[in-house]
Amino acid sequence: MPQLAQRVGRAKPSAIMVIAETAKQLKAAGRDIISFSIGVPNFLPGEHVYAAAREALSHDSGQYGSNRGSDALLDAFLKHIQALGFTGYGRMNLSIGIGAKQVLYNLAEALLNEGDEICFAAPYWTTYRDIADIVGAQANVLHCGPSQHYKLTPEQLDGALARRPKVFLFNNPSNPTGMVYTREEIAALAEVLAKYPDTWIVTDDIYNSMVFDGLGYHNFVFARPELRERLIFVDSVSKTYGMPGWRVGLIAGPESVAKAVTTLNSNHITSVPEVITAAAVAAFSGPQEIPQAKCREFAGKRDIVVAALANIPGLVCPRPQGAFYAFPDISAAFGKSHNGARIENDVDFCAALLGAKGVACVPGSAFGEPRAMRISYTCPTAQLEPGLARIAEFFAELS
Ligand code: PMP
């Protein structure tokens, strides 16, 4: 028999999908399930996005488009990133992909040779590990536990960069922790980055529209403009505009990198469809009330989650300030039992919680932090308090 390629063996099925699938099956079997597992926004884009897509459909050329993204989309994205604080970028600094996920794969192919080192903080978005594995890069994972609010310190970064990794991958606001780096924290990390000119910097900041408490979104290039020549900013319409299924991601970075990604596109995807492009243009350049309202709504939900978790003895949750995730430390439950089921770790905890209380959360080990679990609070507000009450009950029943 011929064998599959080794890289397939290195790719693991997503732990998030495993929990979500179990929850779905229990629901289909009639169980009352509250799902805190999937990280997708619970809202649809504005009517102007659908109108633009319908209009584009009515005169779609049916042809291949630009490998880099259409000029209209690149111009809309330029305005969008300018509003975020990125100045001095032109079309040649940009390129497109089928969502931020595919953009990140393209970047890995563009920047990493087999055996090169890529470093990133844990907790991390699960796909970072998989990307490193698939392109055959060495991942140096920098553990940032609950006591440091899951945030990378300048000292940790300095230690990692002293090894001269090829790529430093950074995510702010964070999936899975909901942490947001302040202007001062970004500036302190940027100082360290400036010392190591041989490392590419990739900032995956697709939750940049969801920052609470007036913290604002900050990037290393705002603090240290010279980092622009080796920093790639990754964005997407998925979370900001409630468009995860439309699959549009973009980068802004040095021309050489944008060109490399565009060349890879010419081999991988050719282009993004015209209808989707028109929808993305409308999202970036149309009214921004929906993302703003959603940001306020998620901040309110965060308050509900944090207040409920604070009342559970033994559970510790650093306060999230962005995205739509909370990442409580559940390790106080390890070594205990629930209805005779022993809980040794986060996977046991999430399985027992789902089985006993019908609440689906994702084990932290999926994100490189086995002491915690991820709560995604995009569900309707009416499910939030009952779901959290069931977690509290579960904790209280541990012996
Ligand atoms: N980066 C992070 C941190 C994410 O959470 C996600 C989606 N869950 C992505 C990238 C991928 O987003 P997209 O839908 O644009 O592929």
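Biologist: At what angle do helix H13 and helix H14 pack?

Modeller: In this predicted model, helix H13 covers residues 346-357 and helix H14 covers residues 381-396. Their axes lie 10 Å apart, and the packing angle is about 110 degrees.

Biologist: Are H13 and H14 roughly parallel or roughly perpendicular to each other?

Modeller: The angle between H13 and H14 is about 110 degrees. Angles of 65 to 115 degrees count as roughly perpendicular. The crossing of H13 and H14 is right-handed, and the two helices are therefore roughly perpendicular.

Biologist: Which residues in H14 are met by Leu 353, Ala 356 and Lys 357 in H13, and how many residues of this contact are charged?

Modeller: Leu 353, Ala 356 and Lys 357 of H13 meet Arg 390, Ile 391, Glu 393 and Phe 394 of H14. By class, this contact of H13 with H14 has 4 nonpolar residues and no polar ones, and the number of charged residues is 3.

Biologist: Which strands stand at the edges of the open sheet of 3 strands?

Modeller: The order of this open sheet is E9-E14-E13, with antiparallel pairing. Two of its strands each have a single partner strand, so one side of each is left without a neighbour in the sheet. These edge strands are E9 (325-326) and E13 (362-363).

Biologist: What is the bridge partner of Val 362 in E14?

Modeller: E13 and strand E14 (residues 373-376) run antiparallel and are joined by 2 bridges. In E14, Val 362 has as its bridge partner Arg 374.

Biologist: Which strands stand at the edges of the open sheet of 7 strands?

Modeller: The strand order is E2-E8-E7-E6-E5-E3-E4, and the pairing is mixed. Each edge strand has a single partner strand, so one of its sides lacks a neighbour in the sheet. The edge strands are E2 (94-97) and E4 (138-143).

Biologist: What is the bridge partner of Ser 95 in E8?

Modeller: E2 pairs with strand E8 (residues 249-252) in the antiparallel sense, over 4 bridges. The partner of Ser 95 in E8 is Ile 251.

Biologist: At what angle does helix H10 run to E2?

Modeller: Helix H10 comprises residues 255-268 and lies across E2, E7 and E8. Its angle to E2 is about 30 degrees.

Biologist: Which helix gives the largest share of the shell around the ligand?

Modeller: The ligand is surrounded by 13 residues, and Gly 99, Ala 100, Lys 101, Ser 236 and Ser 238 are the closest. By class, the shell has 4 nonpolar, 7 polar and 2 charged residues. The largest share, 3 residues, comes from the helix at residues 99-111, H5.

Conventions
Residues numbered from 1 in each chain as written. Predicted model: local features only at pLDDT ≥ 70, side-chain atom pairs only at ≥ 80, totals over all residues. Near = placed C-beta within 6 Å. Nonpolar A, V, L, I, M, F, W, Y, C, P; charged D, E, K, R; others polar. Pairing = 2+ DSSP bridges. Axes fitted to C-alpha atoms, helices over the stretch in contact; angles between N-to-C directions. Parallel < 35°, antiparallel > 145°, perpendicular 65-115°, else oblique. Left-handed = near helix turned anticlockwise from the far one by under 90°. Contact = placed C-beta atoms within 7 Å.
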